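Hi,

Here's the structure I said I'd pass on.

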Amino acid sequence: MTILVRLLRIALVTILCIVAFAALFEFLNAVPTHVSLPDHHQGGVTNPRRPLVFDALVWGVVFRAPGYLFNGTIPMLIVLAVTEWKSAKSWRWYFTIWIVAGLLATGFPVSDPLRLSAALLAAAATGYLYWLLAGKSAGDWLQAWGTREPNAGRKLLNYAAYVVLAYLGYQLSGYLYYGKLLWVSSGPEPDPGTPPFHVRFEREMTASKKVAMMDFPDPASCLKEAETDDLSTDRLKEMDWDRIDNTDEAEVCVFRLLGSYENLSYATGWFEAQGYHVPPNFSSARPYIESDGTQRVTGGYSIRKNGPKFPTKGVIRRAFRSIPYGMSVDATWSKDGKQLLWVQTGFSTL
């Protein structure tokens, strides 16, 4: 029972700290904007300085925290289990662990000093919170447990602990993805692939998107397995959604496949083959003309009716993707409609 209570405490404190980090990071990230806004009436309307920071906290808890919990809980539990095993009671351990985790979660924002400062401060505060609630008592139960006489129940619990560690190790193997994130963040730019992948704004070229470019370098890597290497117009419609785990991978593969067509006239048929609905005024026949003359075709997908388009496996992962009720994909072509410029995915939430 002692082991179970301690493990439960570590898990709950970890979840609490991840949510606290998300809220605090968004809060600190919003402070510079909050300070820069003038605090006076403009045209009879008061500038909304006060709700800005509150909205940032809500955004962090409601929208940012679920992603951090989904991606970070298991790795953090593994690392913190090691500190528990080693009876690491020093606050320095937890400052270091949470700062590294915070930088990983925020994509090492070294090019944005304000965002970097927000990440460091939020991570340091979170590390101190974890140390107060669980870290400074790390390993105490192990010492007390070691003084007890061995019995059958203790052996059974030891075996159960090994099973838990084995499971955590298995989960850790799935997080090699984060090694790729770190590598592309500090290494050379990946090859743009075929057709060359582009984004609308430079800030959208995140580490996660670079990993997706590496994992899906060409149209064939996005298609279902087949005996032929043919890339006919019909073959390009056979996108393998089972391979797609996140939005960046979806955008890269949609770009690879749509960009392989001669022009935007094939876009409506491609979207419909994937189960998307294409509104008449955003179709290949009548694309939406942007102010700069570029042409956009949009496909909409009902998550509420059909479930999340990706990922196709994992109950918990699909549950997180089921929070939005709809998804849309915008594909923007050049003025003459012959070159795909970029693909953007959006989600609709209540």
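This is a predicted model: local features need pLDDT of at least 70, side-chain atom pairs count only at pLDDT 80 or more; totals for chains, interfaces and linings use all residues.

Residues are numbered from 1 along each chain as its sequence is written, and side-chain values use heavy atoms, leaving out hydrogens and water.

Four strands form an open sheet in the order 3-4-5-6, with antiparallel pairing. Strand 3 (288-289) and strand 6 (340-348) are at the edges with a single partner strand each, so one side of each has no neighbour in the sheet. (Strands are DSSP runs of E, at least two residues; helices are runs of H or I, at least four; both are numbered from the N terminus. Two strands pair if DSSP finds at least two bridges between them.) Strand 4 (residues 295-302) and strand 5 (residues 326-333) are joined by 8 bridges, and Val297 sits opposite Ala331 in strand 5.

**Helix 4.** This helix has 21 residues and reaches 30 Å from first C-alpha to last, close to the 30 Å expected at 1.5 Å a residue (that is, 1.5 Å times one less than the number of residues). Its buried residues include Ala118, Ala122 and Trp131 (buried means under 20% relative accessible area, exposed over 50%, partly exposed in between, with a 1.4 Å probe and protein chains only).

**The loop.** Ser137 lies between helix 4 (113-133) and helix 5 (140-146). Ser137 is buried, at 18%.

Cheers
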